[in-house]
Structure formats: structure tokens, C-alpha cells
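Let's take a walk through this structure together. Have a look at it first, and then we'll go through it piece by piece.

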Amino acid sequence: MKHRIGILTSGGDCPGLNATIRGVAKACYEMLGTENVEIVGVSDGYYGLIHNICKEMKLDDFSGILTRGGTILGTKRQPFKMMKVIGDDNVDKVKNMKKTYQAQKLDCLLTLGGNGTHKTSKLLADEGLNVIGLPKTIDNDIYGTDVTFGFHTAVDIATDALDRLHTTASSHSRILLCEIMGNKAGWLTLNAGIAGGADIILIPEIPYDIEKVCKSVLKRNESGKNFSIIAVAEGCFDKDEAKLKKKERAKRRAEAGITTATNRIAAQINQMTGLEARVCVPGHMLRGGSPSAYDRILATQFGVYAAQLIQKQCYGMTVAKVGGEITANKLDDVAGKTKFVQPEDQLVQTARNLGVSFGD
Ligand code: F6P
């Protein structure tokens, strides 16, 4: 039996996308027979599917990419909430995606992406396409999987940043705040914060009180430590803002001329403690470069599992790791849900028991 498989990467990139693509392709060729497999690469995520920008791929295309960062297919953000909206260009995106699937004579489509990608994957599955998702994101916030590929590499990079901040913070007797990606979920900041020995960790799931943050900084200072390291998730907010909806929060910040929560916290620490606070933003460095060994293994396992799903013609699923086992969830059960850090999470408790403050 012939299998013609479409594959796309969508949303923000992360290390491990190419390793996953390689895992799927090599396992398909191996398990189904090279002569029975045709792989079609869709460029730039759903944008390529909407506009039928596809290329036939060969076995050789998947060699030498295990360690390569980014995605050989290219990616774009194509917001889910706009998928059913017909804009000025008059393009019916859902209709076009189905047309491309048919024009390319695909038997199935693999979608490598985060939460937004999974919502569109479910939409396409509901429209009758054979879809298999693969969970990527440095945010680790996909519901139903313990871990996403890209996350561990980003934890390593953010940890390295925190390690480096320690020495310079100590030399200059400064409070250094490291802003770490994660708009909705604080997994990356929590894990890097613990691995990098941060003194204070601020995440969206635990709104902070600036008085408490300053108190922790001063307490450390009084105990003889001349510096503090604060790991701040980019999406964190204080207890007053927690009462507001996201849009109201953004409006209030814009009116007050606040650029980011991290900049505001640094300014408040300067003002309230008299200590010098500075901000460091690793930003997209967290998403760049080669995947860690952990992520190479995870991406390969996910890719091979996806090939097994193709072999069984088991669609409408997304690959996951649960309790150490690679498995799959129904898109219906996970798409549209987010996995947040629970304030009572064991890892939060571990940090608290070390004396780390969450500013609450
Ligand atoms: O979803 C991954 C992520 O890196 C988030 O942590 C971050 O908020 C966002 O993407 C940034 O996206 P962009 O690169 O499109 O600005």
C-alpha cells in the first residue's frame, strides 16, 4: 500500500523540529518500504497549505538534519481564530487547505506545532482530513503530554543564561532579572529557575505582590548576599492585574507606558529597595540552535511513533509522552486546552522548600 504523507511545521519554531521530521521520514521509509512512501513538505506551515506551496521530498532531504535547529520546512504564525474568517484577500482558508490536501493527493497530514497548531489540526480532522499532530513548543504547555520537544533545550539555554548572570550580578552587587519566554505558562521559567538557582521565580500562574518581591530581595541582602537573581516569565502579572482580563491588563499597561512586566519589576525594585536592578532578555536565543540530547531522543521517539500511527492508519490523534511512555491522545480531547503549572505542583513546592520566593 502506498502512503503519500504531507508534513508541515507551524507556529513559533523550536529545536527538535528537524529531528522529528527526520524521525517520521526514516521510520516511514523503514517500516513501510521506501517504494511505498512519498513525502510532501508543506512550506511555512498552514500558510503553505492554504496557498499550495509544497515540495516533493526525497530520502536524502532527511539526512544530516538531526542536529539542525529551526525547521527545514519553514514556519509561520497563522492564528486559529482567523482560520474561518475570510479577509480582504477573499481567501477561504479552510476550503483552500482541503483543496491542497486533495490536489497533493495526500493520504494524511502531519502537523508539528503548539496549541494554535493543534486547534487547526482538529478543525481539519473535523473537515475529514487524516491528521496526526506532534507536540512542539519551548513553553511545554500542550495538554495531555508530560513534555513537548524543544522544551528541554530551552531549559538548558535559559539555565546557562542564569548561571552567567550569577557571576556578573555578584561582581556588581546587582539584582538581575532574566526575562524568559512563556506568555501563558511558566514551565520554562520554573524549570530554568530551579536549575539556575534563581532566588525569586515569577510565573503567570502565581500572580506576584511587588512588596513581597522587594521583601525577599532585602532579606537576601540583609543576610549578607550582595546580589539576587530573579527568573521572570514574560507573561507574569501582579495580584491587581490578576483581577483583570488580558485585554484590560494590556490596555492599563499601555496607558501607564509599561513595556514589559520585567522592566516594571526592575524599576519598582530600584525605587523600593534602593538596590540596582537590571534586566536581561535572552528572547529568541531560547528557540535557536541545536536540540539537546534529550530533545533529539524525544523528537525521534515522537517521529517514530507518528510513523506507527500512519502504518495503522490511526488518525485524528496527537503524539504524547505520558508517565514515561510514548502514546497518543485524540485531538478531540486535547485541542483547545492548555497545560498550566499548578500552584501546588511538586516542583513549585520543591522550590519553596529551598526558600525560593514566588512573590506571593
Ligand atoms: O510559543 C513559543 C513562544 O516562544 C512563546 O514562549 C513566546 O511568547 C512566543 O513564542 C513568541 O513568539 P514570536 O516569535 O512569534 O514573537
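**Where two helices meet**

Leu 190, Asn 191 and Ile 194 of α6 touch Leu 347, Val 348 and Ala 351 of α12, where contact means heavy atoms within 4.5 Å. Sorted by class, that contact holds five nonpolar residues, one polar and no charged ones. Here Ala, Val, Leu, Ile, Met, Phe, Trp, Tyr, Cys and Pro count as nonpolar, Asp, Glu, Lys and Arg as charged, and the others, Gly among them, as polar.

A quick word on what you're looking at: this is a predicted model, with local features needing pLDDT of at least 70 and side-chain atom pairs counting only at pLDDT 80 or more, while totals for chains, interfaces and linings use all residues. Residues are numbered from 1 along each chain as its sequence is written, and side-chain values use heavy atoms, leaving out hydrogens and water.

Back to α6 (residues 187-195) and α12 (residues 346-354): their axes come within 11 Å and cross at roughly 35°. Those axes are lines fitted to C-alpha atoms over the stretch in contact, with angles running from 0 to 180 degrees between N-to-C directions. Helices themselves are DSSP runs (H or I, at least four residues), as are strands (E, at least two), numbered from the N terminus.

Within α6, Trp 187, Leu 188, Thr 189, Leu 190, Ala 192 and Gly 193 are buried, meaning under 20% relative accessible area with a 1.4 Å probe, protein chains only. Their cover includes α5 (151-172), β6 (175-180), β7 (200-202), β8 (228-233) and α12. Just past α6, Gly 197 has a positive phi of about 65°.

Now for helix α1, where Thr 20 sits. Thr 20 is buried, at a relative accessible area of 0%.

Notes. Buried < 20%, exposed > 50% of the residue type's maximum accessible area, 1.4 Å probe, protein only.
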